[in-house]
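Let's take a walk through a protein model together. Have the sequence and the 3D view side by side, and follow along one stop at a time.

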Amino acid sequence: MNPRSGAVGPLVLLGCALLLLLGLFVGFRLVTAEADTGEAAPTCERRVVEKDDRVTSSLVSVDVYNASSRAGLANRVSINLQRRGFLAGQIGNSESKVRPRVAAVLTDDPKDPRVRLVGAQFGSRVQYVEPDIPVDEGSVTVVVGDGFRQLGRDVRDTNNDRRFTVCLPTVPAA
């Protein structure tokens, strides 16, 4: 036997113990450290639409709520509106007392060009109704009913008679 072989075992054990203590110390600091999340990036870019500018579907966010007995109808309508260039808003079951045959736009201002553009997607059977639920000021709110089968004519823009601001979603930088 080599006389030095008896000293190697305790040294290896001491080295492992020191490595374990170092790992515990660094791990504890990582677990208890505050996360550096940085600055919150804006989720949208404000854009002013001037009077007489064309209002296009890409400037309008639409919230769609289902008042029908068909599951998933609001989601399907929202997807079809997005295919026409509209921005996706909230989707869900309607809590409104409004039960339209086909579709209703909940609005205080039926002459708003954004409201008219969304309403045009549903054709002549769309109703314009005072909201009885909270509606997002930046979106147009639509409630679809059991009589809805498909969107009407594809209308992508309309005239504008007022100045307003829209918030267009931004893509975060990687």
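Among contacts in the protein chain between residues at least 6 apart in sequence, 81% join residues at least 24 apart. Contact here means that heavy atoms come within 4.5 Å. Before going on, a word on where this comes from: this is a predicted model, where local features need pLDDT of at least 70, side-chain atom pairs count only at pLDDT 80 or more, and totals for chains, interfaces and linings use all residues. Residues are numbered from 1 along each chain as its sequence is written, and side-chain values use heavy atoms, with hydrogens and water left out.

Now for the overall build. The protein chain has 3 helices and 9 strands, where helices (H or I, at least four residues) and strands (E, at least two) are DSSP runs numbered from the N terminus. The chain is more spread out than a compact globule, because its radius of gyration is 29 Å, well over the 16 Å that the globule rule gives for 174 residues. That radius is taken over C-alpha atoms, and the rule is 2.2 Å times the number of residues to the power 0.38. Along its principal axes, the C-alpha trace spans about 100 × 40 × 30 Å.

What about the surface? The accessible surface of the protein chain is about 11700 Å², and 55% of that belongs to carbon and sulfur atoms. These areas come from the Shrake-Rupley method with a 1.4 Å probe, and for residues only the protein chains shown count as cover. Of the 174 residues, 33% count as buried. Buried means under 20% relative accessible area, exposed means over 50%, and partly exposed is in between (1.4 Å probe, protein chains only).

Next, the charges. The chain carries 22 positive and 20 negative side chains, and the centres of the two sets lie 8 Å apart. Lys and Arg count as positive and Asp and Glu as negative, while His and the chain ends are not counted. The place of a charge is taken as NZ of Lys, CZ of Arg, CG of Asp or CD of Glu.

Side chains of opposite charge can pair when their charged atoms come close. A search of the whole structure turns up 6 salt bridges, each being a side-chain nitrogen of Lys or Arg within 4 Å of a carboxyl oxygen of Asp or Glu. One of them joins aspartate 157 and arginine 54, with the closest N and O atoms 3.3 Å apart. Aspartate 157 sits in strand β8 and arginine 54 in the loop between β1 (44-49) and β2 (55-56), so this pair ties together parts that are 103 residues apart in sequence. Aspartate 157 is partly exposed at 33% relative accessibility, and arginine 54 is partly exposed at 41%.

Another bridge pairs aspartate 109 with arginine 162, their closest N and O atoms being 2.4 Å apart. This one also links distant parts of the chain: aspartate 109 is in the loop between β5 (103-106) and α3 (113-120), and arginine 162 is in the loop between β8 and β9 (164-169), 53 residues apart. Asp109, Asp161 and Arg162 are linked in a network of salt bridges. Then there's aspartate 112 with arginine 114, where the closest N and O atoms are 2.8 Å apart; aspartate 112 is buried, and so is arginine 114.

Go back to strand β8 (residues 157-158) and you'll find threonine 158 there. Is threonine 158 buried or exposed? With a relative accessible area of 16%, threonine 158 is buried. Not counting residues up to four places away in sequence, threonine 158 touches Arg54, Val55, Pro113, Arg116 and Leu117.

Leu117 turns up again among the contacts of serine 57, which, leaving aside neighbours within four places in sequence, also include Arg84, Gly85, Phe86, Leu87 and Arg156. Serine 57 is in the loop between β2 and β3 and is buried, at 5% relative accessibility.

Arginine 70 lies between β3 (61-66) and α2 (73-83), and its C-alpha is 7.3 Å from that of aspartate 146, though the two are 76 residues apart in sequence. Aspartate 52, in the loop between β1 and β2, is exposed, with a relative accessible area of 62%. Aspartate 52 also has a positive phi of about 75°, although it is not a glycine.
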